[in-house]
Amino acid sequence: MVKRIKMRTLLIGGFITLFFLVLVTRIFFIQVVNGGKWQERAAGLIEREQTIKAARGTITDRNGNVLATDSPAYTVSVNPLLINQLGIQDEVTKKLSALLKKNEGEMRALVTAKNKDGEFFQQREVRSEGYKISPELAEKVKELRKELQDQYKAGNAIVMTQESKRFYPEETLASHVLGYMSRDGKAVNGLEVSYDDMLTGTDGFLNYQKDAKGIKLPNSQDNYLPPKNGKNLKLTIDDTIQFYIESAMKETVAKYNPLSMTVIAADPNTMEILGMANWPTFNPNTYASTPDQKNFINHATQSIYEPGSTFKIVTLAGAVEEKLFDPNATFESKRIYIGGFPISDNGHTYGRISYLEGVKRSSNIAFVNLGYNMLGGERLRHYIDQFGFGKKTGIDLPSEAASPIKPLIYKSEIATAAYGHGLVQVTPMQQLSAISAIANGGKLLQPHLVKEIINPNDGSTEVIKPKVIRQVISKESAKLVGGYLEQVVADQTIGTGRNAYIEGYRVAGKTGTARKVINGQYSKSKDVVSFIGFAPVNNPKIAMLIVIDQPDGTNIGGGTAAAPVFKKVVSQTLQYMGVPKDTAKTTDKKSKGTSVVQAKAPDLGGKTAKQARSQLLSSGIAYVTLGQGENVIRQYPQAGASMNPGQRIYLLTEESSKMKVPDLTGESLRDALEVLSLMKVGVTVKGEGYVVKQKEQIAGEQRTVQLTLQTAKAAVTGIADEAPDSSNPEATKQDKDATTGEQGKEEGKAPSGSTSNQSPSQTQKSESETSDKPATGGASLP
């Protein structure tokens, strides 16, 4: 009995001992052999790493106005499991589809989605309509969630996750400059691509220990790495000037219905781009709804075209630099033959005229003489290269185009290149860089769009300085060329750029019309028209190029369609910049009290209107002609009267009772009162600033005009005492000649010039590239 008990005790003790041996062995393997593995698994259960997203850099204009920034966004998901448990598929499908504007069939498929095992999913994102929706739309979805919660306790049937997305508060403004961010967070086009590395920040993280409910443990050992936000960009763009440009473009597009239009403005002294716009355009906030991929093309840097007569500035500059240009020398304006093929002044024969008149009239024969006969092919090509044509400008935008210019071998190639046709293919940005070189004293500068790069993490700022590429022509030559180009605008009789004349400012410019190449042949009716220029000539503040591709209508050239855009935008911009008008010649005398010797009004009585205009132009005095008569009947100020700086002379050529009251839109109150007083017309005034509206009333024999005024600031902000139709002081003044009050007319075909609608891969080819024959109609128009 005792023996049996001992055996049982030993057996039990053995089992217990064996159990403990097995347990100790197991613990050894767990804690020692596989300790690292289990420690990692435990850490994974109690530790949590949270990503802290870095903000993408903000883009502002030169004055700090936000053009692109990150903003809150929400992604909508549905819970098919809960929705189907509660039987509310129809209600969720119908109401959520209506809010997000998603097809009901596609929404129902999401609401009833199952996995491969036939079980309902617990979460499905509503792509793409519910992806990164705006806060405004998110509020409406929240209202639907509350409704579902109140009725079915099913608020979680719809889930919203807060994220961020790129937001462009000015919508279409400067869209081609900015580019956009795709919904997947990828940069597309514009500065968003060029500066993507700088704009993109580095995400940070927070690592901490948590309990089973996900709550941070009190003694958690935190590991924190702060995010580095992307750098901010301050652009050279001024959103007010950009607004002026885009407003003028809308009016021009509405009037001429072109295939495309491009306007670029820059400070010629630094090549800071003040404004850049293209039509057609797009809204980067809703880029997916853009109807045509062509809307995304930035023609300013990506399209190549034959410039036509605006390219004559290169030939003129070369001839002046080589001291070959004598403005008083004469030539015969008639059809000539180069290499056996005809070239003419677009069907005109002006007879023997001076080279200065040839510049004013944009005579092809004048520039063939300058480029082909005087400069010759080698020197002409030298200046083409010096001004940067054939190479990229280096502007900080992606996908800039450049068409290498082939050697000028044949006689016809040299001759046509001299006036901007044949082998010459340019981009608008190259053209603007060239005119800016003339404006700034002969320096070719690299254009740029970013003024400052600001690091928000350490507060440092990198300032982008102007970059001089080379001195193209001497300062003296540049000044002479600017003076000759001023005559193209100032001569209100034969100057092809006369519609760009701005009272009070000296303007230099050149019109251009280039026949488009269609199927390898120059079209007889389709043109690219343009205007290029700068102001004020004596102290340039802005250079601008306008290019219009294929405007509707007949006899539409750069002087008719593009020059008025220059006039409108530049006049607004110079006033916005605070550049004072200076038309009257004044002499400062520095003595005990600085006094000004005022110019005296010349005696124009008995002169013809043409003679009076010529005399005033040569004297540098601005004027306005009233009436359609041939002789000056009266003038204001009277002969011998002292004239203030900026004051104009008004010439009456008909009795006031017969004259129609001119369009005074955009004029100052002082100028409007002078005109109406001279015409013996009564005036009533409402508001202050510039004239935006006028209404004529007749009581018996007395005429009265009611003027409605609006300040420049109100014009920009859209706030006025009485809302006019225009969005700025000059918005309703179209193609009004500043000095005659009439619609400007061109000699023969009006001057022209404008961007090609084709992308670089669709660059047009001229016949001169394949033969020694200029294509029919290939001569540049004024």
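**Terms applied to a predicted chain**

Analyst: In this chain of 782 residues, 52% count as buried, a term for residues under 20% relative accessible area with a 1.4 Å probe. The model is predicted, so local features need pLDDT of at least 70 and side-chain atom pairs count only at pLDDT 80 or more, whereas totals for chains, interfaces and linings use all residues. Residues are numbered from 1 along each chain as its sequence is written, and side-chain values use heavy atoms, leaving out hydrogens and water.

User: How many helices and strands does the chain have?

Analyst: The chain has 21 helices and 33 strands. These are DSSP runs, numbered from the N terminus, of at least four residues (H or I) for helices and at least two (E) for strands.

User: Why is Y74 called buried?

Analyst: Y74 has a relative accessible area of 14%. The limit is under 20%, and Y74 is therefore called buried. Y74 belongs to strand 3, which covers residues 66–78.

User: What makes up the surroundings of Y74?

Analyst: Apart from neighbours within four places in sequence, Y74 is in contact (heavy atoms within 4.5 Å) with several residues, among them Y131, I133, P135, K142, M160 and Q162. A138 is another of these contacts. Between Y74 and A138 lie 64 residues in sequence, but 6.5 Å in space, C-alpha to C-alpha.

User: Why are helix 4 and helix 6 described as roughly antiparallel?

Analyst: Helix 4 (residues 89–100) packs against helix 6 (residues 135–152) at an angle of about 165°, and their axes are 10 Å apart. Since angles over 145 degrees count as roughly antiparallel, helix 4 is roughly antiparallel to helix 6. The crossing of these two helices is right-handed, a word used if the near helix is turned clockwise from the far one by less than a right angle.

User: Which residues of helix 4 and helix 6 meet, and how do they divide by class?

Analyst: From helix 4 come E91, V92, K95, L96, L99 and L100, which meet L137, K140, V141, L144, E147, L148, Q151 and Y152 of helix 6. By class, this contact has nine nonpolar, one polar and four charged residues. Here Ala, Val, Leu, Ile, Met, Phe, Trp, Tyr, Cys and Pro count as nonpolar, Asp, Glu, Lys and Arg as charged, and the others, Gly among them, as polar.

User: How do you know that helix 10 and helix 18 are roughly antiparallel?

Analyst: The axes of helix 10 (residues 239–256) and helix 18 (residues 558–577) come within 10 Å and cross at roughly 155°. This angle is set against the limit of over 145 degrees, and the two helices are therefore roughly antiparallel. On the helix 10 side the contact includes I241, Y244, I245 and A248, and on the helix 18 side it includes V565, K568, V569 and Y576. Its residues divide into ten nonpolar, five polar and two charged.

User: What is the peptide bond from W279 to P280, and where does P280 lie?

Analyst: The bond from W279 to P280 is cis, with omega near 5°. P280 lies in the loop between strand 12 (272–279) and helix 11 (299–302).

User: What is the phi of S362, and is S362 buried or exposed?

Analyst: S362 has a phi near 60°, a positive value in a residue other than glycine. S362 is in the loop between helix 13 (355–361) and helix 14 (364–386). Its relative accessible area is 2%, and S362 is therefore buried.

Key: Axes are lines fitted to C-alpha atoms, for helices over the stretch in contact, and angles run from 0 to 180 degrees between N-to-C directions. Angles under 35 degrees count as roughly parallel, over 145 as roughly antiparallel, 65 to 115 as roughly perpendicular and the rest as oblique. Buried means under 20% relative accessible area, exposed over 50%, partly exposed in between (1.4 Å probe, protein chains only).
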